[in-house]
Amino acid sequence: MASTTTILHSCIIIIILLHVTWPASNARRTFACDPTNAAVKDMPFCNVRLSSVDRVRDLLSRLTFKEKIGLLVNKAAAVPRLGMDEYEWWSEALHGVSNVGPGTRFGGDFPGATAFPQVITTAASFNTSLWEEIGRVVSDEARAMYNGGMGGLTYWSPNINIFRDPRWGRGQETPGEDPIVAGEYASRYVRGLQGNLPGDRLKVAACCKHYTAYDLDNWSGTDRFHFNAKVSKQEMVDTFEVPFRQCVMQGKVASVMCSYNQVNGIPTCADPRLLRDTIRGSWKLDGYIVSDCDSVGVFYDNQHYTATPEEAAADAIKAGLDLDCGPFLAVHTQGAVDRGLLKETDIDSALFNTLTVQMRLGMFDGEPSSHTFGHLGPRDVCTPANQELALEAARQGIVLLKNHGPALPLSPKRHRTVAVIGPNSDVSVTMIGNYAGIACGYTTPLQGISRYTKTIHGRGCPDVHCKNAHLFGGSIRAACEADATVLVMGLDQSIEAEFKDRDGLLLPGYQQELVSKVAAASKGPTILVLMSGGPVDVSFAENDPRISAIVWAGYPGQAGGAAIADVLFGAHNPGGKLPMTWYHQDYLKNVPMTTMDMRSNQATGYPGRTYRFYKGPVVYPFGHGLGYSNIIHTLASAPTLFTVPVDGRHKNTTAVTNDVRVTHTKCGGLTFALQMDVKNVGSKDGSHTMLVYSTPPVGHWGPHKQLVAFAKVHVPARGNIRVPINIHVCKFLSVVDKSGIRRIPMGQHSLHIGDVKHLLSIQSTPLGVIKN
């Protein structure tokens with residue numbers, strides 16, 4: 001055992017190191033181009049009247065080769081002679097400012113930040129304006145922390161990978177399984193984060209990740225560091241590229257992150273077709289491309305893609321990688337240049353992209369207090385308005401899956417005592433999921449329900465693993481005594497997380513037995529509330545008449561308990577819809593996580609993935625969600641015929657396949673409008689999620705069903721509103737053939753909105769002869 005003196009000495013050293021590494025939030029910081037720095041303040045790269053391009057070119061011309069190499073990694077080295085402090089690029093803001101990345105920390109004037117619901121829950125709201133507003137609030141808090149010396153301005157969020165397999169541990173971080181929803185979420189959240197400012201200025205720099213076909217962490221002996229995703233051209237264009245394309249082209253994101261895995265034998269961070277040709281070339285990224293952390297090292301050390309580390313460094317930079325999260329490029333780029341594998345101009349191209357983003361963020365404009373967002377500080381973090389938005393986001397994301405009777409909403413007058421049972425009944429940190437920071441505060445489900453009525457609490461299981469069925473007695477007695485029972489069950493990060501994919505879809509351990517026994521003993525209605533990121537096979541509860549209602553809350557954020565209670569007691573009329581399919585456990589029998597195909601294959605028995613291609617039985621379908629009001633849809637107006645003009649040079653393209661390539665028509669104006677009447681015949685005001693699906697003509701390679709539009713509308717009790725919906729034909733009624741070519745099928749397209757079905761005939765005509 002060490003002596004007391006030795007321990008005290010070690011503690012003093014640690015305190016000194018922490019003080020040196022993490023200066024107090026009010027300590028004087030070095031800002032590039034600070035007017036007090038006479039050595040650089042008159043240099044062109046500090047002249048805010050010049051364009052970002054000219055300023056970066058000037059700065060690059062002043063850097064030595066050694067200094068350039070030090071800027072290729074996330075922990076960018078300082079260049080004191082030019083007034084540049086070191087900078088940590090890695091920060092996270094998936095659903096609130098997080099301390100997962102080393103670029104952001106909490107403490108002092110910033111003890112926490114608003115923890116919004118996990119993305120999968122927010123996606124269930126299908127509310128695009130909410131997604132953007134969350135991004136705006138998160139970036140307010142991020143800017144405030146930057147001004148206070150506690151954070152950076154480059155945030156590697158959002159995660160927009162497709163939730164392809166229900167077992168994926170990181171599916172919780174995504175907007176779900178639909179590529180169009182994921183793309184819309186990406187563009188809206190990014191606009192909120194980046195500020196949607198005039199010119200090229202950025203509030204913070206967002207990053208869409210992980211490009212591409214990344215949706216496996218560690219399953220049955222295969223991990224993400226060794227996985228080679230075999231993806232057809234059809235699936236790449238139809239599914240995996242869709243959200244990233246929209247993030248770059250519509251969201252104008254400042255960064256894209258390449259993933260760990262290989263795609264068809266090539267590491268994504270070393271593939272020029274993906275990075276240089278697609279992201280920067282076809283999609284015209286105005287920003288930088290960053291590796292997932294240590295992924296350059298991974299494709300050398302784990303995948304053995306190159307023979308030497310210098311070749312790995314050269315392959316990555318020449319493919320279009322601008323920044324390495326990790327030390328690999330700082331260590332091996334010099335050697336790559338010395339061996340003639342890389343030129344200094346290649347490094348300049350990479351740094352031009354990263355430095356330009358920093359210029360756009362104002363990081364070379366001196367001390368920020370007089371700038372656009374320089375007024376933001378501690379008072380702008382965890383504000384009452386921000387926390388109210390977190391509560392509202394949780395309310396809107398909660399999905400009512402079953403309501404027999406109806407048993408919900410509960411009444412404080414009739415249900416004067418409620419038994420609150422289950423391993424997630426009084427949790428706090430569980431509610432914010434992964435990639436979260438320190439919340440402003442928490443309201444647990446037990447606390448939320450206690451605001452409405454008297455509660456009797458019993459966990460039943462000490463944690464979600466629920467390994468002991470002998471602890472149920474107290475919970476069963478509580479259910480016998482109470483007027484109603486609420487079971488808060490599900491998963492947490494010990495079951496599903498980064499590095500951890502699930503083996504199955506059932507509730508862990510003896511949770512199902514606890515639910516059934518409590519429901520059998522309950523004196524009043526039994527309500528099952530589920531916390532999880534991925535789907536859970538709760539068909540036993542759906543089929544059990546003693547379980548009156550089922551509610552999915554995802555991971556509902558810091559105010560999750562209050563939101564759950566508001567839904568249970570009718571203060572909020574639920575309007576969330578599932579952003580992913582809930583499969584039966586049997587679905588997994590013929591579906592390895594490593595199979596990337598979305599489409600079914602009758603010859604092999606492969607059933608296909610997601611609602612777009614899987615036609616088998618499910619526990620709950622994509623888009624499922626009930627409310628406390630009965631909503632009726634009526635189609636007020638819609639075209640029955642739409643004409644697609646075809647360039648005369650391609651007039652024969654429809655002869656064989658009866659379709660038109662989208663590149664052979666002018667897609668700009670190919671939009672038609674629907675008018676939908678939405679009537680609430682219930683007694684409660686509520687928000688309604690309207691989902692519009694399309695089924696293409698028979699005989700094409702498209703999905704059997706595809707979401708083409710969605711809208712969140714507020715409908716007062718017994719009220720009726722008319723909702724206009726515009727559908728872009730090239731984007732949403734096209735399908736992708738086996739060669740990866742997007743085409744518009746001619747013939748009868750079927751549109752579905754609720755119970756309404758409408759047929760639309762699409763025909764082609766030579767350009768200049770358009771009659772719609």
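Student: How many residues lie between strand 26 and strand 27 in their hairpin?

Tutor: First, the ground rules. This is a predicted model, where local features need pLDDT of at least 70, side-chain atom pairs count only at pLDDT 80 or more, and totals for chains, interfaces and linings use all residues. Residues are numbered from 1 along each chain as its sequence is written, and side-chain values use heavy atoms, without hydrogens and water. Helices (H or I, at least four residues) and strands (E, at least two) are DSSP runs, numbered from the N terminus. Now the hairpin: two residues lie between strand 26 and strand 27. Gly754 in the turn has a positive phi of about 60°.

Student: In which sense do strand 26 and strand 27 run, and how many bridges join them?

Tutor: Strands pair if DSSP finds at least two bridges between them. Strand 26 (residues 747–753) runs antiparallel to strand 27, with seven bridges. His749 stands opposite Leu760 of strand 27.

Student: What is the sense of pairing between strand 18 and strand 27?

Tutor: Parallel. Six bridges link strand 18 (residues 641–646) with strand 27 (residues 756–766). One partner pair is Phe642 and Ile762.

Student: At what angle do helix 2 and helix 13 pack?

Tutor: Axes are lines fitted to C-alpha atoms, for helices over the stretch in contact, and angles run from 0 to 180 degrees between N-to-C directions. Helix 2 (residues 52–62) and helix 13 (residues 344–360) pack at about 125°, with axes 9 Å apart. Helix 2 is therefore oblique to helix 13. Angles under 35 degrees count as roughly parallel, over 145 as roughly antiparallel, 65 to 115 as roughly perpendicular and the rest as oblique.
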